[in-house]
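Please look through the sequence and the structure shown below before reading on.

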Amino acid sequence: MTTPEPGTAVPPLAPPPGPQAGPPPGCPAHAGGGTPGGGVPTGGGFPAGLPPAQLYGPAVADDPHGLYARLRAQYGPVAPIELEPGVEAWLVLGYPELLELTRNEALFSKDSRGWRVPAEGRLAADSRLLPMTAWRPTLLNLDGAEHQRLRAAVSDTLAQIDHRQLRETTEAAAHALIDSWGPDGTADLVAQYARRLPLLVFTQLIGLPAEAGPRLIELISHFVDSSEKSVRANAEFQAILVDLVRRRRTTPGADLTSWLLAHPAALTDEEAVHHLVVMMVAGNETSINWTGNTLRLLLTDRRFRATLTGGRLTVADALEEVLWRDPPTQNFPGRWATGDTVLGGQYISAGDMLVLGLAAANADPAAASAAHGTLGGNRAHLAWGAGRHVCPAQHPARIIVETAVETLLHRLPDLQLAVPPQDLAWRPSPWSRALVSLPVLYSAFTPPRLPAPERPAWTPPHPSTTEPATAPSPSGSTPSDATSTARTPGSGQPGRRSWWNSLAGWWSGR
């Protein structure tokens, strides 16, 4: 099979073979001039009687929960949507329907080359959807044995991360960022913390130089948000990774890139590049949004306010509630129907695109029994997806986010929101659920603990020292106010300026 160069889309192929019979008699989704074989008429748009809702613009950012509730009331568990003008799809809102969608890859494929919209010439060459929907030779875009080969390579590579060392690295980076803030007692926890911290960790994980960090996060934001710069950002991001793979092929190190290349699955350079894209985008963007949304919950929900001084609900409870109500990825593309079928009462045609409505499915009344009352500790949510394509990076992401939140609460136990909660704005992304900013005030802090012994390189975990993925973070408890002291300029800084502090200071413009 011919594979594309990184950053380019593959010319759309004909839909995969499948039932091509016409629509069932009286099918409302095909009324009003459907094409032979059923489905959406050439030229775009759903047939008359099913006006699609826009899954872009202010509605999806300002009130996604209200949007999903209205769609559910109007259409049921599967609703017609537009991803951009003239580009239609189905949004799967139902919990059982999303499980069916993700578990039946014979009928709902991950291969986007069967999508009817580009096949009919209706997807612009500069469409903002291309970076999130274009086919690539990755575990995200394949089914069957090839998917299992690539997934094994990614899962086994991630399994080589030492969880204790990952916590130590994350905690050190968090302390360095907090120490780099000014003495005025104000901060933006998105721009100055959540958006910077995961990349400080991921650059070391995959073997990139630290100075690549700021540009990488800017590029990732562009194509995850489907902004006007998304296509160019996607190409530049992958070019950086192409160079990294070429260097690690000849000079391996103790990092994810080298482990991926050495895996028995024998990935090509191109496959390795595409899977680094997957790990960087999924791991980094998810960690950013999960951290920001958890901090927002802790600062705005009175049930969690006691957590800041040691209450009944824990940070782990907050992490789970965010995955239920405001998961870092609220919608995810997608699945493509290999034949005409019915899902959630809607007639789906071969070549139609279906979007996983992860946040909407979590709010489905059908999942109410699983989500009764407080959601802390309940992991029946679909924030990580389901089926064979469930996210393989959830355990490292949990370690990074939990450590980031607990370290911040330890250092700044009197955090409070600097603006009314209703003034917080969300990024206008159809895919991510992410705050634009999270401004806070604080007046006290606790000094950082002694730094952990430095380790020169990442090493695979030893069976006798490997911790389970669910082990608690070492920064577990929140100190009482009696242990806090007034913040003064330069306080809390270690005598010797560590590499993390130098990096954080450089990133902050010092």
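Which backbone oxygen does the side chain of Arg-122 reach? In this predicted model, the side chain of Arg-122 comes to 3.2 Å from the backbone oxygen of Gly-86. A polar contact of 2.8 Å also joins the side chain of Arg-122 to the side chain of Glu-120. Arg-122 itself belongs to the loop between helix H4 (116–119) and helix H5 (130–133), and its relative accessibility is 14%, which counts as buried because the cut-off for buried is under 20%.

**The strands around Gly-86**

Gly-86 leads on to a hairpin made by E2 and E3, which has 2 residues between its strands and in which Gly-86 takes a positive phi near 85°. Strand E2 (residues 78–84) pairs with E3 in the antiparallel sense over 6 bridges, and in this pairing Glu-84 has Val-87 as its bridge partner in E3.

Strand E3 (residues 87–92) has 6 of its 6 residues buried, so the strand is largely enclosed by the rest of the structure. In a regular strand, side chains alternate between the two faces of the sheet. In E3, Val-87, Ala-89 and Leu-91 point one way, while Glu-88, Trp-90 and Val-92 point the other way, and all of them are buried.

E3 is also joined to E9, by 3 bridges, and these two strands run parallel; in this pairing Leu-91 stands opposite Val-355 in E9. Strand E9 (residues 353–356) pairs with E6 as well, in the antiparallel sense and over 4 bridges. Strand E6 (residues 332–337) has 5 of its 6 residues buried, so E6 too is largely enclosed by the rest of the structure. Strand E4 (residues 108–109) runs antiparallel to E6 and is joined to it by 2 bridges.

**An open sheet**

Another group of 3 strands forms an open sheet in the order E5-E11-E10, with antiparallel pairing. Strand E5 (186–188) and strand E10 (416–417) stand at its edges and have a single partner strand each, so one side of each is left without a neighbour in the sheet. The pairing of E5 with strand E11 (residues 439–441) is antiparallel and has 3 bridges, and within it Thr-186 stands opposite Leu-441 in E11.

**Rings and charges**

The structure holds 4 aromatic pairs. Elsewhere, ring pairs link Trp-181, Tyr-193 and Tyr-442 into a cluster.

Two arginine residues lie over tryptophan rings, as the table shows.

| Arginine | Ring | Distance from the ring centre |
|---|---|---|
| Arg-113 | Trp-135 | 4.0 Å |
| Arg-433 | Trp-426 | 3.5 Å |

**A buried glutamate**

Is Glu-171 buried or exposed? Glu-171, which has its place in helix H7 (residues 163–179), is buried, with a relative accessible area of 10%. The C-alpha atoms of Glu-171 and Glu-402 are separated by 10.0 Å, although these residues are 231 residues apart along the chain.

**How far the model can be read**

The protein averages a pLDDT of 78, and 72% of the residues score at least 70. Confidence is highest in E9, at 97, and lowest in helix H18 (residues 499–507), at a mean of 40. Over residues 1–45 the pLDDT is below 50, and this stretch has 91 contacts in the model beyond near neighbours in sequence. Over residues 463–510 the pLDDT stays under 50, and there the model has 91 contacts beyond four places in sequence. Where pLDDT is low, the predicted coordinates should not be read in detail.

How values were computed:
Residues are numbered from 1 along each chain as its sequence is written. This is a predicted model: local features need pLDDT of at least 70, side-chain atom pairs count only at pLDDT 80 or more; totals for chains, interfaces and linings use all residues. Side-chain values use heavy atoms; hydrogens and water are left out. Buried means under 20% relative accessible area, exposed over 50%, partly exposed in between (1.4 Å probe, protein chains only). A polar contact is a pair of N or O atoms within 3.5 Å; within protein, one must be able to donate a hydrogen and the other to accept it, and residues adjacent in sequence count only if both atoms are side-chain atoms. Two strands pair if DSSP finds at least two bridges between them. Rings of Phe, Tyr and Trp (its six-membered ring) pair if their centres lie within 6.5 Å; planes under 30 degrees apart count as stacked, over 60 as edge-to-face and the rest as tilted. A charge sits over a ring if NZ of Lys or CZ of Arg is within 6 Å of the ring centre and within 35 degrees of the ring normal. pLDDT is the predictor's confidence in each residue, from 0 to 100. Contact means heavy atoms within 4.5 Å.
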